[in-house]
Amino acid sequence: ETGDSSDVLAHPDRVTSVAVSPSGGCILTGCVDQKVRKWSAVPPYTLMEWECTLPLAEEDSKKDDSEEEDSEEEDNDRAYIKVGFLDDDLFVAGYEKLFIMKVDDGSVVRSFKTEFETNGPFETNGHVLSITALHPNLFLTGHENGSIQEWDTNSDNCVHTFKDHSDHVQSIAKVNDLHFISGSNDHTFKLWNIQSKDCIRTFSGHTSAVDAVMYMPTRNTVLTGSDDENIKVWALNELISDVVIGE
């Protein structure tokens with residue numbers, strides 16, 4: 001059975017990110033048209049409260065107008081905007097830049113340029129692929145160069161870079177105040193300690209990129225979705241069994 005068509009939040013182009021506010025009151029979406037949109041999280045879901053266009057992608061000044069680019073090259077130039085809530089009042093949007101913005105009206109509180117290493121094992125421009133808040137003053141971003149960056153919202157500075165993945169970090173999810181998980185194109189997902197900055201364990205089992213990770217606190221398990229067309233359930237067991245969720 002499919003949902004009623006009135007539940008469709010129509011966009012003019014590919015939707016690249018969805019986030020729900022901590023209180024569940026609104027939805028944010030990122031789209032390759034370089035727009036962030038705020039939607040009502042209660043019926044009618046199709047009520048769009050605002051949309052804003054941000055210069056999240058750098059313009060390609062080296063384009064030769066005399067030559068036509070094929071569709072794949074054009075697609076690679078598009079801005080795959082990612083969004084993530086800090087709290088019910090502020091959110092982060094990013095691709096090549098990061099913007100801290102107000103939920104009420106989409107206005108920019110401040111913006112800052114991300115910096116990335118480009119001498120890794122593969123060519124990359126370090127675009128932001130995922131954004132997850134650990135708490136209102138701290139959030140994480142996953143990148144094409146396999147790194148995960150930890151950001152302090154009070155200073156707009158990257159305070160630490162986690163390096164253990166060997167390919168794109170597609171998704172990050174909070175486990176609790178001390179731990180988070182990340183999924184990567186290197187076919188693995190990893191469990192990290194935010195305090196010690198260590199990778200506690202690497203989980204292998206998928207045969208392709210791990211695009212989605214989610215933690216289920218009631219069962220102390222992780223769900224992973226992969227390009228190998230499988231969703232796997234993983235038990236963390238004693239790895240974080242001594243941690244009280246939310247403490």
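Visitor: Which secondary structure elements does the protein chain contain?
Guide: This is a predicted model, in which local features need pLDDT of at least 70 and side-chain atom pairs count only at pLDDT 80 or more, while totals for chains, interfaces and linings use all residues. Residues are numbered from 1 along each chain as its sequence is written, and side-chain values use heavy atoms, with hydrogens and water left out. Helices (H or I, at least four residues) and strands (E, at least two) are DSSP runs, numbered from the N terminus. On that basis the secondary structure comes to 1 helix and 19 strands.

Visitor: What percentage of the residues count as buried?
Guide: Buried means under 20% relative accessible area, exposed over 50%, and partly exposed in between (1.4 Å probe, protein chains only). Of the 247 residues in the protein chain, the buried share is 45%.

Visitor: Which residues have the most contacts inside the largest nonpolar core?
Guide: A nonpolar core is a set of buried Ala, Val, Leu, Ile, Met, Phe, Trp, Tyr and Cys residues joined through side-chain atoms within 4.5 Å. The largest one has 19 residues, and the elements giving two or more residues to this core are strand 2 (26-31), strand 4 (48-53), strand 5, strand 6 (90-94) and strand 7 (97-102). A second, separate core of 12 residues includes Phe189, Phe203, Val213 and Trp234. In the largest core, the residues with the most contacts are Leu28, Val36, Val83, Phe85, Phe91, Ala93 and Met101.

Visitor: Is Val36 buried or exposed?
Guide: Val36 is found in strand 3. Leaving aside neighbours within four places in sequence, Val36 is in contact (heavy atoms within 4.5 Å) with Leu28, Thr29, Trp50, Glu51, Cys52, Ile81, Val83, Phe91 and Ala93. Val36 and Ile81 are 45 residues apart in sequence and 7.8 Å apart in space, C-alpha to C-alpha. Because its relative accessible area is 0%, Val36 is buried.

Visitor: Which residues lie nearest the centre of the largest pocket?
Guide: On a 1 Å grid over the protein atoms alone, a pocket is an open set of points where a 1.4 Å probe fits, with protein on both sides within 12 Å along at least five of seven lines; lining residues have an atom within 4 Å of a point. Strand 1 (15-20), helix 1 (71-76), strand 5 (82-85), strand 9 (128-135), strand 13 (169-174) and strand 17 (210-216) each give two or more residues to the lining of the largest pocket. Of its 40 lining residues, those nearest the centre are Ser130, Ile131, Thr132, Ser171 and Ile172.

Visitor: Where is Pro44 placed?
Guide: A cis peptide bond joins Pro43 and Pro44, with omega at about 0 degrees. Pro44 has its place in the loop between strand 3 (35-40) and strand 4.

Visitor: What is the phi of His187?
Guide: His187 lies in the loop between strand 14 (179-184) and strand 15 (188-193). At 32% relative accessibility, His187 counts as partly exposed. Although His187 is not a glycine, its phi is positive, at about 80 degrees.

Visitor: How many residues apart in sequence are Ala79 and Gly94?
Guide: Ala79 has its place in the loop between helix 1 and strand 5, and counts as buried at 1% relative accessibility. From C-alpha to C-alpha, Ala79 and Gly94 are 9.1 Å apart in space, and their separation in sequence is 15 residues.
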